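Thanks, everyone. I would like to take a few minutes to walk through some local features, so please have a look at the sequence and the structure as I put them up.

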Amino acid sequence: MKYTGTTGSAGIAIGKVYLYQRFQPEITMEPAGPPDCELLHYRTAQNAARKELEALRTRFSETGNSEQTAIFAAQLEILLDETIDEEIRNGISSGECSGAWVIHSVFEQYAAMFEGLDDPIIQERAADLRDICVRLLRCWADLPEQNLSALPEPVIIVAHDLLPSDTATLDRKNTLGILTETGGGTSHSAIIARAYEIPAVLGVSGIVSALKNRQEVILDAINGKVLTNFSLETRSTYESKRQEYLQQQAYTKQFIAREPVTPDNVRILVELNIASAAPQELEAVKYTDGAGLFRSEFLYMGRSAPPTEEEQFQAYRKVLMAYNHRPVILRTLDIGGDKPLACLDLPKEENPFLGERALRLCFRHPEIFHTQLRAALRASSFGQLWLMFPMVSSMEDLRRAKACLERAKEELRSERVPFREDLKTGMMIEVPSIALLADQAAKEADFASIGTNDLIQYLTAADRGNPAVSDYYQAYHPAVFRLIRYVARYFAAQGKPVGVCGEMGGNLLAATVLIGLGIRQLSVGAASVAAVKQMISSTSCEKAEELAKTVCGLSTAGEVYQYLREKVTLSHSFIGGS
Ligand code: PEP
Ligand code: MG
């Protein structure tokens, strides 16, 4: 059998399926049996949850992760808390509701109460309470824990969807590939899969029910295909293709240390997109001109409370020190859309990508924004930090964000805490309304970075993660190039830097056009650095300008793609990016 989807991250994987399903409790009010049985059921579930938490605490303490160790130690205490335990037992003994119902209502009642208190430390415990409750209910349902950070063997993960927090904490050693029913080339899971060089095919509808655990599949993440029930011959063909791909990748990697200069001597800045201060993220630093996008929101994921000012300060400082005075563009919290946050109980929205996302959410939660701005300012003394606001859709947004920054600066000045007074403040251009005000934005921002992932989705009105509309999400749409040309022109007129940090920068065909449109800064995932440098070394600016001129005059994405395919010679078979 053959299934098709979208390539999220290139490569070929052959291996066993690991079906992953995030647990979602279904609670009925009716007790399943007499109170005695329900009480015994509760004790069994509580014991199982205790064992899991103890194992997690031990594992993280053995690996020296003190933060996670402390979280699970605290959760264990809550699980075994006498008052909570007594309330649950009393509730079950009354025989009115099922044990699961009682567990849920007791934990929820405490979580709501904690949230309502003034002390932010106690408020943060609410997320822990909900986390424990879900664990306890899963144990009540007698379902095993599924944890992508500790996989039993090398596998291909198959899921309906993966949250960025799932992918960010993935057991990289044992993940051969990723296969999901949702998502597209610029969904955040795809971006992380690319950074980790894990082949991924996304948007394959119905694949979860079509596959069985441990069944062998071939993931052809070059052509966006999945093969099942294949012959030995097919298997060996794909094994050869896999080897060929790896060899090609190794060849391209030779370009990683080259200086990115075009044949007509124009130096292009190649920067790195990062999501944390983890050593594997910073590996490629030495080959790049800076961090063109530090997605700070990943520091907030997979935890029950937002990081404190001190934690953020330490992480930002670590990155700045690694870059040793090359610019690091720290993007303020960009949560919402396809990036939910466990430590913030965000309401469900009908259209999350058009909802209270990123800067909008920071304005709604000024304390979280203020903490981040303070941490960033403090870290700015340790290198060249540039601060960037995401999802700016109007000049009011930009001015309001800058006013928040001024308040944080004022506070630090009054506390005599040092920071860089000349810190550059810029913005993402990813919403068409602000792109069309580029002339004005360029006067008030010190720099800009074009977020093509969102710009394409908002310009073409096609959700970047919805496979049903992936044909409408067109990176090669001439309107995308025209808008980028417009933005680049106005920023250049003001002498302000403008780069591209969306996945288009790592798409070798499209990146050629970007250079032709005047973009001189491309910020890409670690896996694309070498390929982009290779492309730069073989494309003159003169030729790129010619291509760009024609592309902006074409009328469909298909025409643009066809034209670039004919005119651009690439030594790599896969175009990359999205
Ligand atoms: C973008 O939108 O292009 C971008 C870089 O931001 P993100 O992918 O994190 O939304
Ligand atoms: Mg974006």
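Which residues are buried in helix 22, residues 557-567? Before I answer, please keep in mind that this is a predicted model. In helix 22 the buried residues are A557, V560, Y563 and L564, and because they cover an arc of only 130° around the axis, they sit on the same side of that helix. The spacing is what one might look for, since an α-helix has 3.6 residues a turn, so residues three or four places apart point the same way. As for what that side meets, the buried residues of helix 22 pack against helix 18 (478-493), helix 19 (508-516) and helix 21 (541-553).

S380 has a relative accessible area of 0%, and because the cut-off for buried is under 20%, S380 counts as buried. Leaving aside residues up to four places away in sequence, S380 touches L320, L385, F419, R420 and L423. With R420 there is also a polar pairing to look at, in which a polar atom of the S380 side chain lies 2.9 Å from the backbone nitrogen of R420.

G116 is exposed, with a relative accessibility of 56%. Finally, G116 and P366 are 250 residues apart along the chain, and their C-alpha atoms are separated by 17 Å.

Technical notes
Residues numbered from 1 in each chain as written. Chains lettered and ligands numbered in written order. Predicted model: local features only at pLDDT ≥ 70, side-chain atom pairs only at ≥ 80, totals over all residues. Heavy atoms only, no water. Buried < 20%, exposed > 50% of the residue type's maximum accessible area, 1.4 Å probe, protein only. Polar contact = N/O pair within 3.5 Å; in protein donor to acceptor, adjacent residues only side chain to side chain. Contact = heavy atoms within 4.5 Å. Helix = DSSP H or I, 4+ residues; strand = E, 2+ residues; numbered from the N terminus. Arc of directions from axis to C-beta.
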